[in-house]
Amino acid sequence: MSDTVTDRDNKRVIVALDVAGAEAAFGLLEELDRDMCRVKVGKQLFTSCGPELVKGIVNRGFDVFLDLKFHDIPNTVAGAVKAAADLGVWMVNIHASGGRAMMEAAANALANDGNQSPLLIGVTVLTSLSSDDLAEIGINSTAEDQVKRLASLSDNCGLDGVVCSAAETAMLRPLLPESFCLVTPGIRRPEDAVGDQKRVVGPSEAIRNGSTYLVVGRPITQAASPRESLAAFYEAVSGVM
Ligand code: C5P
């Protein structure tokens with residue numbers, strides 16, 4: 001497990017770099033302070049710009065959450081997380097529904113890597129899926145029970161945390177060790193546009209309920225001043241951190 005878990009209180013906002021290309025991504029980084037936030041590179045930006053962009057962001061001193069949600073046979077996922085570690089990322093994620101062997105293979109690949117390993121995070125149930133959607137693919141638990149099951153399994157397989165809805169943190173926190181990270185998107189202050197998020201949670205409520213890291217995209221990236229918007233998120237959580 002990376003020692004960055006211990007310093008998590010300093011930079012609990014992860015800014016989602018959901019932009020189309022390198023120019024926009026680096027333009028945004030100019031507006032952000034690497035000592036105040038971490039950044040998330042997802043499938044769109046990675047697919048268009050590739051590992052060179054990730055290395056460029058890492059070289060600018062930012063901690064990168066590589067959000068590629070790997071899901072494959074154990075050997076392939078172990079190789080993929082190892083390749084992510086070689087890029088110098090701070091956090092990487094895999095689908096917990098890939099099962100125990102896949103998760104353990106990924107955790108072992110990082111543990112045996114020798115270098116400073118990224119945090120390994122599981123994706124439980126995508127928040128876009130309802131209990132009906134799960135039934136249609138043969139999963140007959142409620143979405144809530146499946147989230148609990150996969151979060152506990154992730155912990156049991158040696159992962160460092162899970163991505164979950166901030167609305168699920170109060171339910172999950174008592175089931176998991178204090179050091180287990182809950183990484184939560186869907187965060188909005190009252191004055192922020194909700195956009196396409198279905199259920200949003202305020203930053204201070206998310207922290208109070210047990211979120212470790214807050215993933216925030218458009219309220220920061222589309223603000224007139226991303227720097228000021230980021231500062232406003234910290235201000236919002238200052239009493240609860
Ligand atoms: O712009 P916004 O703050 O809504 O961005 C949230 C980020 O978190 C996006 O990158 C989105 O893909 C990601 N995310 C999410 N909900 C999930 C998992 C990831 O919003 N369940």
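Modeller: The account below begins with the salt bridges and then turns to the aromatic rings.

This is a predicted model, in which local features need pLDDT of at least 70 and side-chain atom pairs count only at pLDDT 80 or more, while totals for chains, interfaces and linings use all residues. Residues are numbered from 1 along each chain as its sequence is written, and side-chain values use heavy atoms, with hydrogens and water left out.

The structure holds 11 salt bridges, a salt bridge being a side-chain nitrogen of Lys or Arg within 4 Å of a carboxyl oxygen of Asp or Glu. One of them joins Asp63 to Lys11, with an N to O distance of 3.3 Å. Asp63 lies in the loop between α2 (43-59) and β3 (64-70) and Lys11 in the segment before β1 (13-16), so this pair ties together parts that are 52 residues apart in sequence. Here helices (H or I, at least four residues) and strands (E, at least two) are DSSP runs, numbered from the N terminus. Lys11 counts as buried at 12% relative accessibility; buried means under 20% relative accessible area, exposed over 50%, and partly exposed in between (1.4 Å probe, protein chains only). Lys11 and Asp63 also belong to a network of salt bridges that includes Arg38.

A further salt bridge, at 2.7 Å from N to O, is formed by Asp67 and Lys40. Asp67 is in strand β3 and Lys40 in strand β2 (residues 38-41), so that the pair links distant parts of the chain, 27 residues apart. Both of these residues, Asp67 and Lys40, are buried.

Asp113 and Lys82 form another salt bridge, their closest N and O atoms being 3.4 Å apart. Because Asp113 lies in the loop between α4 (100-111) and β5 (119-123) and Lys82 in helix α3, the pair ties together parts that are 31 residues apart in sequence. Asp113 is buried at 13% relative accessibility, whereas Lys82 is partly exposed at 30%.

As for the rings, the structure holds 1 aromatic pair. Its members are Trp90 and Tyr213, whose ring centres are 5.1 Å apart with planes at 90°, so the pair is edge-to-face. Rings of Phe, Tyr and Trp (its six-membered ring) pair if their centres lie within 6.5 Å; planes under 30 degrees apart count as stacked, over 60 as edge-to-face and the rest as tilted. Trp90 is buried at 5% relative accessibility, and Tyr213 is buried at 0%.
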